[in-house]
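Subject: Structure for you to look at

Hello,

I am passing on a structure, with notes on what was found in it. Please open it first and keep it beside the text as you read.

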Amino acid sequence: MDPSTVPDASTGAASMDPSMVPAASTAAEVAASSVAPSSAPDASSSVAAAGAAAEDLAGAVAGMTLDERFDLLMSIGEECIQPDELKRLLQNKPVPICYDGFEPSGRMHIAQGIVKTINVNKMIRAGCKVKIWIADWFAQLNNKMGGDLKKIQTVGRYMIEIWKAAGMNLDGVEFLWSSEEINSRANEYWPLVMDIARKNNVKRITRCCTIMGRADNEELTAAQIFYPCMQCADIFFLKADICQLGMDQRKVNMLAREYCDDIKKKLKPIILSHHMLPGFKEGQEKMSKSDPSSAIFMEDDEAQVNVKIKQAFCPPNIVEGNPCLEYIKYIVFPWFERFEVVRKENNGGNKTFLSMDELIADYASGALHPADVKPALAKAINEILKPVRDHFNTSNEAKVLLNTVKKYRVSS
């Protein structure tokens, strides 16, 4: 990760380059009113800002080799389909389009907040333009927030507010509301959805329903059957070269590549799937918004973070399936590029780990104990979350937005 976007480990998140952290009040101001999901900025200022951002992006990319850009993008993914296609894309297209999307469905946990910020900043540094699809209609199809679109859109604005405060580099990011974009280009979108639906049987589509957090044998509404066809269409509608989503979205991304075969399209979307962080409880493969103790939320206070990590599953000497070590690997190291442990001399003394391999070796051998890991992890996470916490404590608009979202019942 670009050191200019990563806080210095000695001073914490507060040392992040202020130029990388956009002003964070706009989204909350919009959220406090009843206006549409996004407000249109002045056209001339938007064009000027976009031009300046494009120049900065081009300059940054010019300083990197093709292999450096490739390695940076590959560091995001637990899986890439296919690496040779990714390298060819970087060779042939100056600014590839990366697509990511999310259902606004409740409070934001740290995987959505910090891991996405890390990954987006890497994509931008590698020379990509990132389109973040705010899937408000999809959340409604999936009955999130009881299907209340106004609540869903409020949650969407809350999530954008968090990314701004967390330090996401917005110069290369475009937030797009699915309801607005689909309505404005309905003549492009719906024929595409219909064609994908015609070319696949119901069995193939229901296999994709795990993307919504649904089991493929679960009784689904007709709206939820429709959902995968729409998400597949999004990839082509947004002209995405790279699908940068979690491993849990793999099935629908593969459906998009299969659709390319159906329509004889040579250039398929590249799938760059990031790792899914587990919950804190033993055997909990994924964080759950409906179980607050399973995850750290972006505006959790210091005491809440400390308690959650103290109670987390972290068996001595066991690396596999250890959520605390996963937090260190996927959050702390990418952010600080080190992990600092403070302990008494008779317990081994202070130690700074500069690689995950080094840390794993010590932990597996017993040289590093859970009692060493947990306080150090809590300290690092609290430093990362401090700017977000401060923003929601000092901005009245952000505070209103958060309190509104907290009152919403999380629906499965």
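The model is predicted, so local features need pLDDT of at least 70 and side-chain atom pairs count only at pLDDT 80 or more, while totals for chains, interfaces and linings use all residues. Residues are numbered from 1 along each chain as its sequence is written, and side-chain values use heavy atoms, with hydrogens and water left out.

The whole chain

The chain has 17 helices and eight strands. These elements are DSSP runs numbered from the N terminus: helices are H or I with at least four residues, and strands are E with at least two. Of the 412 residues, 53% count as buried. Buried means under 20% relative accessible area, exposed means over 50%, and partly exposed lies in between, with a 1.4 Å probe and protein chains only. Among contacts with a separation of 6 or more, 75% are between residues 24 or more positions apart; a contact means heavy atoms within 4.5 Å.

Two packed helices are described by the angle between their axes and the distance between the axes. The axes are lines fitted to C-alpha atoms, for helices over the stretch in contact, and the angles run from 0 to 180 degrees between N-to-C directions. Angles under 35 degrees count as roughly parallel, over 145 as roughly antiparallel, 65 to 115 as roughly perpendicular, and the rest as oblique. A crossing is right-handed if the near helix is turned clockwise from the far one by less than a right angle, and left-handed if anticlockwise.

Helix 5 (residues 110-125) packs on helix 7 (residues 149-166) at about 50 degrees, with the axes 10 Å apart. Helix 5 and helix 7 are therefore oblique to each other, and their crossing is right-handed. Helix 5 brings Gln112, Gly113, Ile114, Lys116 and Thr117 to the contact, and helix 7 brings Met159, Trp163 and Ala166. By class, this contact of helix 5 with helix 7 has four nonpolar, three polar and one charged residues. Here Ala, Val, Leu, Ile, Met, Phe, Trp, Tyr, Cys and Pro count as nonpolar, Asp, Glu, Lys and Arg as charged, and the others, Gly among them, as polar.

Helix 7 also packs against helix 16: their axes come within 8 Å and cross at roughly 125 degrees. Helix 7 and helix 16 are therefore oblique to each other, with a right-handed crossing. Tyr158, Glu161, Ile162, Ala165 and Ala166 of helix 7 meet Pro387, Val388, His391 and Phe392 of helix 16. The classes in the contact of helix 7 with helix 16 are seven nonpolar, one polar and one charged.

Which way does helix 13 run relative to helix 16? Helix 13 (residues 302-310) and helix 16 (residues 370-394) pack at about 150 degrees, with their axes 9 Å apart. That makes helix 13 roughly antiparallel to helix 16. Their crossing is right-handed. The residues in contact include Glu302, Val305 and Ile309 of helix 13 and Leu377, Ile381 and Arg389 of helix 16. By class, the contact of helix 13 with helix 16 has six nonpolar, two polar and four charged residues.

Cysteines

How many disulfides does the structure hold? It holds zero, a disulfide being a pair of cysteine sulfur atoms within 2.5 Å. For Cys324, the nearest cysteine sulfur is that of Cys314, 4.0 Å away. Cys324 is buried, at 0% relative accessibility, and Cys208 is buried with a relative accessible area of 0%.

Residues in loops

Gly246 lies in the loop between strand 5 (242-243) and helix 12 (250-262). Gly246 is buried, at 5% relative accessibility. Leaving aside neighbours within four places in sequence, Gly246 is in contact with Ser273, His274 and Met276. The C-alpha atoms of Gly246 and Gly101 are separated by 9.9 Å, although these residues are 145 residues apart along the chain.

A cis peptide bond, with omega about 0 degrees, joins Ile81 and Gln82. Gln82 is in the loop between strand 1 (79-81) and helix 4 (83-92).

Met145 has a phi near 55 degrees, a positive value in a residue other than glycine. Met145 sits in the loop between helix 6 (136-141) and helix 7, and is buried at 6% relative accessible area.

Lys264, in the loop between helix 12 and strand 6 (270-273), has a positive phi near 60 degrees. Is Lys264 buried or exposed? Lys264 counts as exposed, at 70% relative accessibility.

Regards
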